[in-house]
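Have the structure open as you read along.

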Amino acid sequence: MAKEKREEIQFPSLDELFSSQEERDDAKLKRIYEIPLTEIDPFPDHPYKVRDDEGMMNLVESVRVNGIITPATVRKKEDGRYELLSGHRRKRACELAGLPTLRCDVVEMDRDEATVFMVESNFQRTTILPSEKAFAYKMRLEAMNRQGKRTDLTSSPLGTKLERSNIELSNQVGDSKSQIHRYIRLTELIPEILELVDEGKIALRPAVELSYIPKEIQEDILNCIDMEQCTPTHSQAIRMRKMAGESKLTPESIEAVMLEEKPNQKERIVFRGDRIAKLFPRDLPLSKREDFVAAAMEHYNRFLQRKARDQER
């Protein structure tokens, strides 16, 4: 005789027994709290910069008058403190305004979910620097790849998982896969060169080429940029990357490439040989040598004129 199939009886929890439906619905709503600033930690390696600029001062004044209108988002950590997911500028504004707490929405997320949320929420900013995009894309793609390992993508080859994550990220942010890759390459630049990219002094494509050059050689490139007050074009960066791959990129070869005449530059006078080079002050950059020579020639010309006058007497 076949056994009868037993139905599993589900008993209500204590919360369900001793709370109303309205109370249970309220519990599902966002939990907004005033949390002391001293208990809130920034997101680790937060890629977006918080500056005390004019925009921040305007935000501080708004916070003083109106308070925090849109709550920040935090998640509770295992140690009982809170981790800030979105609202780093609002937290800084509260600090500058002298407010002790920050109005926050407390959410439950694991590390990867929090990373994706943090990147997405900050991408709503009006202006995003190349360095911010670079580290944000890198963090988000790494989190998406880790999430993929816990889904149906687990059985797929690594390359396929990375490709799917790239496509998904491209669809979400609007940049092409190749453009996302270019931005992520910027994370391989030394901070000083990356700052020049943020300032618009080095364009994205030459910066990407420089990112393939070892960082110790990037330091030599930076020294040349500072000394000669010039930045590499895309073609110059490509050549330096190739020379670095062939172990031929030295401070001297960097200088030779960087000081090549560009279409928008005036003609340069180049002196070769130790006889001339040793006459220049040791700390004089190449870009100033023409002025030095012109001043020396003017001085020598005045000497010749005085000598000619003395001979006429």
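## The outward side of helix 12

Let's start on the solvent side: Lys242 and Gly245 are exposed on helix 12. Keep in mind that this is a predicted model.

## Dimensions and buried side

Helix 12 runs over residues 234-245, 12 residues in total. From its first C-alpha to its last, helix 12 reaches 17 Å, close to the 16 Å expected at 1.5 Å a residue.

Opposite Lys242 and Gly245 you will find the buried residues of helix 12: Gln236, Ala237, Met240, Met243 and Ala244.

After helix 12 comes Ser247, and the phi of Ser247 is positive, near 60°.

## Cysteines

How many disulfides does a search of the whole structure find? The search finds 0.

Take Cys94 as one case. The closest cysteine sulfur to that of Cys94 belongs to Cys104 and is 8.5 Å away, too far for a bond, since a disulfide needs the two sulfur atoms within 2.5 Å. Cys94 is also buried, with a relative accessible area of 0%.

Cys224 is likewise in no disulfide. For Cys224, the nearest cysteine sulfur is that of Cys230, 5.2 Å away. Is Cys224 buried or exposed? Cys224 is buried, because its relative accessible area is 8% and the cut-off for buried is under 20%.

Notes: Residues are numbered from 1 along each chain as its sequence is written. This is a predicted model: local features need pLDDT of at least 70, side-chain atom pairs count only at pLDDT 80 or more; totals for chains, interfaces and linings use all residues. Side-chain values use heavy atoms; hydrogens and water are left out. Helices (H or I, at least four residues) and strands (E, at least two) are DSSP runs, numbered from the N terminus. The expected span of a helix is 1.5 Å times one less than its number of residues. Buried means under 20% relative accessible area, exposed over 50%, partly exposed in between (1.4 Å probe, protein chains only).
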